[in-house]
Amino acid sequence: MTLSLGLLYTAGVIYLALLFGIAFAAERSRILGGLAANAWVYTLSLGVYATSWTFYGNLGFLETHGYLYLTIYLGVTLAFAATPWLLRPILRLAREHQLTSLADLFAFRYRSRLTGPLVALFMLAGVLPYIALQIKAVAESAAVLTADTPPHLLALTFSATIALFAVLFGARHISPREKHSGLVVAIAFESLVKLVAVLTIAGIGLFAVFGGPAGLDAWLERHPEAVTALYSPVLEGGWFSLMVLAFAAAFLLPRQFHMLFTENINPRALNQAAWGFPLFLLLLNLPMPVLYWAGQAADLTQNSNYFALGLASWLESPTLALLVFIGGLSAASAMMIVTTLALANMSMNYLTLPARLRERRTLSANLYRNLLWGRRMWIVLIIALGYGFYGLLQVVQGLAQLGLISFAAVTQFLPGLVGLLLWPRATRVGFLLGLGAGILGWFFSLVTPLLGNAGIWPSAPQLQQTLGAAGFDAWTFALTLSLGANALLFVLGSLLSRPNQEEVEAGQACCPGASLSPTAGLPLARDVSEMEAELGATLGTMPARHEVQRALDDLGLPRHTRSRRDLQRLRERIERNLSGLLGPVLARMIVDQHLRLDAAGRSSLGESLRRIEQQLEEARLPLTGLAAELDALRRFHRQILHELPLGVCSTTAGGEVTGWNHALRVLTGISTDSAVGQLIERLERPWGGLLLAFLESGDRQIYKLNLDTRYGPRRLNLHKSSLEVVAGRREGYVILIEDVTARAQLESEVAHGDRLASIGRFAAGVAHEIGNPLAGIASLAQTLPLEDDPKEIRDIADDIIGQTHRINAIVQSLIAFAHSETPPRSRFEPVALNDLVAEAIRLTRLAGRKDIGYDTSGMEGLCLQGARPKLLQVFINLLTNAEQASPPGATIHIGAQQTGTRARIEIRDQGPGIQEATIDRLFEPFFTTKPAGQGTGLGLPVAYSIVQDHGGSLMATNASEGGAQFILILPLGGHT
Amino acid sequence: MSPSIGLLLVVVGVLLFLSPIVPWVATVAPAWWWPFVAWAAFIVLIAVAMSSRRDP
C-alpha cells in the first residue's frame with residue numbers, strides 16, 4: 001500500500017492549520033485560553049519532549065540498544081522527581097526575574113557580556129542536529145508511505161511550512177511576558193495526538209499480528225531471544241551516561257525550558273507535572289516493544305525506525321497510515337516550533353540586540369516592531385540552518401544518534417546550573433571556562449566522529465581512539481570527557497577568581513531561600529515623566545512610554561507619584577519587564593545607563609529592613625533553626641510596634657515614611673500602605689505639614705498641640721528621636737504621636753470641678769465679705785433720715801456708694817472666676833503678675849483664714865503670657881494649699897524674678913514642708929495628705945495641668961528655711 | 001513537600017534505576033514488562049509525595 005505525496009502534504013498542512021486554529025482560538029477565547037493554566041494541559045504541553053525521535057526513532061534505538069532506550073525517559077522521570085529542589089527554584093527565578101530562556105538564566109547569574117552570547121551560540125549549534133533529525137524523520141516517513149526516495153522537496157516544503165507556523169504561533173505579536181496560551185494548548189493537543197497515534201497502532205498491531213496479549217506471550221515463548229535482546233544491551237554499558245543526558249535534557253533543552261518555565265502560567269501545575277509527565281512518557285513508551293515485535297513478527301522490511309508506518313501499510317489501512325504519519329508530523333512540528341521560538345528569542349537578545357546597541361547606541365525608534373521582525377528572521381534562519389544540517393547528514397542512519405548529540409550539548413550546562421542553584425561562590429570566570437571546555441569536549445568526542453563517519457570530514461580526529469578509550473561506549477566517553485572537564489574547570493575557575501558585587505547579589509538571589517538585596521541607591525529621576533524621557537533615548541519614545549506604563553500598572557502606582565521609593569520600585573519593575581523582552585543583561589545595561597541611582601542617597605537601614613520583611617512575607621519561606629527564631633523575634637517586635645497604643649512613624653533621613661503603625665492609622669485615617677513610601681510632606685493635610693514642621697524644628701517634643709483633623713479637633717503630644725546607626729550617619733527619624741484628647745478632656749472636667757469647689761468655698765467668704773459692707777450700708781441708711789446737713793448726707797451717700805462698689809468688686813471677681821473659659825493658645829494675652837497675685841490673694845482670703853499674712857516681692861513690671869482666669873486659678877490653688885499648711889499667724893512669701901523670657905515665681909509657706917515620700921505624687925489627681933473630707937486632691941494637679949498648657953512648669957520642693965515651696969516657671973508676654 | 005523529601009525521592013530513583021539492581025535485572029531478564037512496572041511504581045511514589053505538597 002502506498003499513499004500519494006500530495007495526500008500526505010495536504011493532510012500535513014490541514015493538521016498544522018488545525019493546530020494554528022486551536023492556538024488562535026485559545027488566544028482569543030477566555031475559556032480556551034484558560035485551559036493553558038490547567039495542570040493537565042500544562043503536563044501534556046511538556047510532551048514536546050517526545051519528538052519524532054520518540055515516535056519513530058525509539059524503535060530503531062530499541063533494535064540496536066534494547067532497553068537502553070528507556071534511559072531517555074527514566075532520566076526525565078528522575079529530573080521531575082527532583083521538582084522541589086531543582087525545577088521549582090528555576091521556575092521561581094524565571095518568574096521573579098522574567099527570565100525567558102536558559103541564556104537569560106545564566107546571563108542573570110554569571111554577569112558577563114560573554115555569557116549570554118556563548119550560551120545562545122552553543123545552544124544553537126547543539127540543537128541544529130535535533131532540528132535536522134525532525135526534518136529527516138518527516139521526510140523519511142513520507143518516503144516509507146510513498147515508497148519513494150526521501151522527497152527533498154517535501155523536506156524543504158515541510159521546513160518552510162513549519163517556519164511559517166512558528167512565526168504564526170509565537171511571533172505574531174510581541175508578548176513581553178512570553179506567555180502564549182495558544183501555544184500551550186496547541187502543543188498539549190499535539191501531545192495527545194502523538195499518544196493516541198502510538199497507542200492505536202500498537203493496539204491494532206497487537207491484535208492484528210499476535211491476536212491479542214495472549215498471542216504476544218505465546219510468540220515471546222517461542223522467541224525468548226526477543227526479551228533477552230532487550231535486556232542484554234543494558235549490560236554493555238551506557239545506561240548511566242544516557243540517564244544523565246536525559247536528566248539534563250528534561251529541563252535544559254530549549255523547548256523544555258520554554259514550556260516548563262517560560263510558558264508556565266500556573267506554578268502549581270508543576271506539582272502535577274512532576275508525576276503526570278513521567279506518566280505520559282510511560283504510556284508513550286510502553287507500546288514500543290510491542291510495536292517492534294509486531295514489526296518483526298510481520299516480517300517488515302523497512303528501517304525499524306518506521307515500523308509503525310510499515311505496520312499500517314502491512315495492514316493495508318490508509319487511515320491508520322495517515323494517523324501514524326500525522327502523529328510523527330505532530331511530534332516533529334511541535335519540537336521545531338517550540339525550539340525555534342526559544343532559540344529565536346535567545347539569539348535576538350544575545351546576538352542581534354547587543355551588536356545593534358554597540359553600533360547605534362539606540363535599539364530602535366520602534367523597538368517592538370524590530371524585535372518582532374528580528375525574531376521572525378531568526379526563526380526562518382534557524383529552520384534554514386536545520387535544513388542545511390539535514391542535507392549534510394542524510395547519510396546518518398540513526399535518529400537517536402542525532403538527538404543524543406543535542407542532549408550531550410545541553411548537558412554541558414549542568415555544572416553551571418548546579419552552581420547557579422547551590423553555590424553562591426561560583427563565578428562567571430568558572431562558568432565560561434567550564435562551558436568552553438565542555439564545548440570542546442563535546443565537539444571532539446561527538447561531532448567530529450559523526451562528521452568523520454558521514455564522510456563529511458574523513459580526516460576528523462577520532463579522540464576516543466587517540467586517547468586509547470575505545471573500550472568505553474561512545475556516550476560514556478563523551479560524557480566523561482566533556483562534563484568532567486567542564487565541572488573541573490568550573491570549580492577551579494570559580495575558586496581562583498573573585499565574584500564582583502553584581503555576581504554576589506545574583507548568587508544570593510539564585511540560591512533557595514535567598515532574596516535580592518535592595519538596590520544600592522535611589523533614582524535620580526524626580527518623576528515618572530523624567531524616567532520615561534531617559535528611557536526613550538534608547539528604547540524609543542513610544543516603547544519607553546509603554547514600558548513605564550506597564551510597570552506602573554503592574555505595581556498599581558499612580559503616574560503622578562514622586563515618591564522616591566515608588567520610583568525605585570518602578571525602576572526595578574521596568575528592569576524586570578525589559579528583562580522579559582530583551583534579556584537581563586541588556587535590561588540591566590539600559591536601566592543602569594538611563595535610570596541612574598543617587599549613590600549618596602542609598603537606602604536607609606529602615607528601608608532595607610522593610611524590603612527584606614516584604615520579601616520574607618511574599619516568599620513565605622520555611623525558615624528553620626536560628627533564622628526561624630530570629631524571624632519570630634522580628635515578628636514579635638514588629639507586632640509590638642504595630643500594636644503600640646502610641647502612633648509611631650519612622651522616616652528616612654530624606655523624609656520618606658518607612659513605618660506607620662496601627663494607632664497612627666486610626667488617628668490619621670491614612671492607611672499604612674499609602675503612607676509608607678511617601679515623602680512626609682506629601683501626606684494628607686494636616687499631617688504632612690505638621691510632621692514636616694516637627695521634623696525640621698529643633699524641638700524634640702511638642703505638648704498638647706491642638707489640631708483639627710478629619711475626625712474633629714485632637715490634642716496631641718509629639719516626640720521625636722533621630723536614628724543614627726551606622727558610622728554617625730543619620731538613618732532617619734522616629735516620631736511618636738500621643739493622642740491626649742481624652743486626657744485633656746478629663747483634665748478640663750477635673751479643672752471645672754475644682755473651680756466649682758473653689759466657688760463653693762468662696763461663696764461663704766463672699767457672704768461674709770458682702771455682709772460687712774451691707775451692715776455698713778444698713779447703718780448708714782438708718783442714720784441718713786436723721787441728718788439735715790446736706791454735706792453729711794452727701795458723705796453718707798458716698799460711703800454707701802463706696803460700700804456698694806466694694807460689694808460689686810467682690811461679686812464681679814466671683815462671676816469672672818466662675819465663668820472663665822480657656823482660650824486657645826493663640827489668644828493668650830499679657831497678664832500683669834502683680835494684679836494677678838493681688839486678685840488671687842483677695843479671693844483666697846475670701847474663703848480662707850484671715851490670720852495669714854502675704855508678702856510679695858519682685859513682681860513689678862513682670863507680665864505673663866496666658867489666659868488670666870486660668871492663671872488666677874493656679875495662684876488661688878497654690879495659695880490655698882500654702883494657707884492650709886501654714887500655722888496660725890504665718891506669712892506666705894510670694895517672690896518673682898525674670899529668667900530670660902520666663903518668670904520664676906516662688907510661693908513659700910511656713911508649714912511643716914512636704915514629706916519626701918509624697919513629693920513625687922503631689923501632682924497626681926485625687927492624691928491628698930489632708931484628712932478625709934478635707935481635701936479633694938485636685939488643686940495641685942489642676943494647677944500643674946494649666947501651667948503645662950501655658951508651656952510652663954511647676955515643681956514642688958522644701959525650702960531651705962523650712963516650709964514647702966512651689967516654683968512656677970511661666971512664659972513672659974508683652975506689656976499690659 | 002520539602003526539598004529534602006524531593007531529594008529522598010531522587011535517591012530512591014537513583015537506587016532503582018542507577019544501582020546494581022539494573023544489571024542484575026538485565027542478567028535475570030524477567031518478563032519484558034518488569035522495567036515498566038518499576039517505572040510506574042516510581043511514578044506512583046512521586047505522585048503520592050507531590051499530593052502531600054502544599055505550596056504557598
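Two strands count as paired if DSSP finds at least two bridges between them. Helices (H or I, at least four residues) and strands (E, at least two) are DSSP runs, numbered from the N terminus.

This is a predicted model: local features need pLDDT of at least 70, side-chain atom pairs count only at pLDDT 80 or more, and totals for chains, interfaces and linings use all residues. Residues are numbered from 1 along each chain as its sequence is written, while chains are lettered from A and ligands numbered from 1 in the order in which they are written.

**View 1. An open sheet in chain A.** Five strands of chain A line up in the order 9-11-12-14-13. Their pairing is mixed. Strand 9 (853-857) and strand 13 (953-958) stand at the edges with a single partner strand each, so one side of each has no neighbour in the sheet. From one strand to the next, the twist averages 15°. Angles here run from 0 to 180 degrees between N-to-C directions; axes are lines fitted to C-alpha atoms, for helices over the stretch in contact.

**View 2. Strand 9 beside strand 11 in chain A.** Strand 9 and strand 11 (residues 891-899) pair in the parallel sense. Five bridges join them. Tyr854(A) stands opposite Ile892(A) of strand 11.

**View 3. A helix on the sheet.** Helix 40 (residues 939-949) of chain A packs on the sheet. Helix 40 touches strand 13 and strand 14 (964-971) of chain A. Contact means that the C-beta atoms of two residues, placed from the backbone, lie within 7 Å. The direction of helix 40 makes about 135° with that of strand 13.

**View 4. Chain B.** Chain B has three helices and zero strands. Along the sequence, the pattern reads α-α-α. Of its 56 residues, 27% are buried (20 or more other C-beta atoms within 10 Å of the residue's own, with C-beta atoms placed from the backbone).

**View 5. Where chain A touches chain B.** Chain A brings 34 residues to the contact, and chain B brings 29 residues. On the chain A side, helix 15 (269-285) gives the most, with six residues. That side has 27 nonpolar, five polar and two charged residues. Ala, Val, Leu, Ile, Met, Phe, Trp, Tyr, Cys and Pro count as nonpolar, Asp, Glu, Lys and Arg as charged, and the others, Gly among them, as polar.

View 6. Helix 6 (residues 83-96) of chain A packs against helix 1 (residues 3-17) of chain B at about 120°. Their axes are 8 Å apart. Thr83(A), Pro84(A) and Trp85(A) meet Pro3(B), Ile5(B), Gly6(B) and Leu7(B).

Key. A residue is buried if 20 or more other C-beta atoms lie within 10 Å of its own, exposed if 12 or fewer, and partly exposed in between; C-beta atoms are placed from the backbone.
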